[in-house]
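Look at the sequence and the model below before reading on.

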Amino acid sequence: MLTLLCCSVFYGIGLLHGDVFCTKPQWHFCLGAYGIGCWTASCLGCLILVCNRLAELMDKGKIFEGRRTYAFLSVATVYGIVFALFTPPPIFNSKYQSFFFNPYIDDSQEFVIFDALTTQMMPAQGAMSTDVGRH
């Protein structure tokens, strides 16, 4: 839930203002750290939920009862905090509408060619995987 705040509200405000790292460096550093911390915590929380559901299917759901539930959730929270504090955060760039771990974006031909190839190949790949157009 907290990840949505970062990835939708703050992201949208940054896009509307046309923000890059140089305009508000402290804000973007904190926003990136907050985003990566919440994202990793939610990923681990989803894995814990998968384990919970599998344990319920195998009639071993007692693993997640009582105080153990809070222990598993606190592990996910600590995991997110560690990522937020001890990893380099991704930096927001409104020109490319995304967060990047390397904020230097090179506008060379290599990037343009890769972008053109991916946009041209994706529709072809989608058409190959369906029965549309096959006779």
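Over which residues does pLDDT stay under 50? The stretch is residues 109–114, for which the model has 2 contacts (heavy atoms within 4.5 Å) beyond four places in sequence.

**Confidence**

This is a predicted model, in which local features need pLDDT of at least 70 and side-chain atom pairs count only at pLDDT 80 or more, while totals for chains, interfaces and linings use all residues. Residues are numbered from 1 along each chain as its sequence is written, and side-chain values use heavy atoms, with hydrogens and water left out.

pLDDT is the predictor's confidence in each residue, from 0 to 100. The protein chain has a mean of 78, with 76% of its residues at 70 or more. Helices (H or I, at least four residues) and strands (E, at least two) are DSSP runs, numbered from the N terminus.

**Helix α2**

Helix α2 covers residues 25–57, which is 33 residues. From first C-alpha to last, α2 reaches 48 Å, close to the 48 Å expected at 1.5 Å a residue (1.5 Å times one less than the number of residues). Just after α2, D59 takes a positive phi of about 60°.

**An aromatic pair**

The structure holds 6 aromatic pairs (Phe, Tyr or Trp rings, the six-membered one for Trp, with centres within 6.5 Å; planes under 30 degrees apart are stacked, over 60 edge-to-face, the rest tilted). The ring centres of Y11 and F92 are 5.2 Å apart and their planes lie at 80°, so this pair is edge-to-face. Y11 is in helix α1 and F92 in strand β1 (residues 91–93), so the pair links parts of the chain 81 residues apart.
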